[in-house]
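Have a look at the chain below. The questions that follow go from overall layout to the packing inside.

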Amino acid sequence: DWSSDVCSSDLDALALDALAGRAPIDAVQPLDLARHQGTPMAQRQGRASVRYWERLLRGLPRPAEATAGDPRTPRYWQLSYTSPAAHLAVLTVAARTGAQPGPVRMAAFAVALARVTGERMVALQTLVHNRFRPGFTGSVSALTQPGLCVVDVGDSTFDEVVARAWQATTRAAKHAYFDPDAMADMIAGLNRPDLDIACFFNDRRRQVPRSLAVPNRAAILAALPR
């Protein structure tokens, strides 16, 4: 999605540049990106990310019991759920806590997952675009990698979980640039067959300006039947 947006912006800019006689767009090309990933700086960055993941994964408790397999077919199902009330509630919690709506949605997901699994420590993977890194903003290349978020849900208020989700997403973004082979080797070396982090929280909404009007309780309750 990000690369598509960059391509669209590039095409518009190229047309304007051609009319104005300006030089073409200068952005990091895929081959340049590959060279960069081989530099000592990028290698250090990747090793730091792997160490961060390792520290989080080693801190995860072993599950109380294995989840039973589901024999139903087909194996993969898709469930859609639309809730205007949940959307309004997210905006209200975001205004109350000062957090962005994204961490609020993640906190709600983490609480729900903790209730289903019975585990107080919830491990989620997010998708980090990595375009905030120097020189990568306008690059049309594959930069997205997983980030690891571990959120402690047990014995906490929802606002506390929101704060932890916000911290977790920020740290995950910082440590989502790494060599996939090195990450896979580290996870294999943990020797934790019970370790399951294949739970992804993919919030694809772009950040939008906050509305000045904060929904009240009555508005949220009125939206519940929808």
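Q: Of the contacts between residues at least 6 apart in sequence, what share joins residues at least 24 apart?
A: The model is predicted. A contact here means heavy atoms within 4.5 Å. Among the chain's contacts between residues at least 6 apart, the share joining residues at least 24 apart is 76%.

Q: In what order do the elements run from the N terminus?
A: The chain holds eight helices and two strands. Read from the N terminus, the order is α-α-α-α-α-β-β-α-α-α.

Q: What percentage of the residues in the chain is buried?
A: Buried means under 20% relative accessible area. The chain has 226 residues, and the buried part is 31%.

Q: Which element gives the most to the largest nonpolar core?
A: This core has 21 residues; Val104, Met106, Val122, Val153, Val161 and Val162 touch the most other members. At least two residues come from each of α4 (84-97), α5 (101-117), β1 (121-128), β2 (145-152) and α6 (158-174). With six residues, the top contributor is α5.

Q: Which residues does Val104 touch, leaving out those up to four places away in sequence?
A: Val104 is one of the core residues that touch the most other members. Beyond four places in sequence, its contacts are Val90, Val93, Ala94, Ala99, Phe158 and Val162.

Q: How many residues make up the other core, which lies apart?
A: Its members include Leu60, Leu148, Leu190 and Ile197. The residue count of this other core is 14.

How values were computed. Residues numbered from 1 in each chain as written. Predicted model: local features only at pLDDT ≥ 70, side-chain atom pairs only at ≥ 80, totals over all residues. Heavy atoms only, no water. Helix = DSSP H or I, 4+ residues; strand = E, 2+ residues; numbered from the N terminus. Buried < 20%, exposed > 50% of the residue type's maximum accessible area, 1.4 Å probe, protein only. Core = buried A, V, L, I, M, F, W, Y, C linked by side-chain atoms within 4.5 Å.
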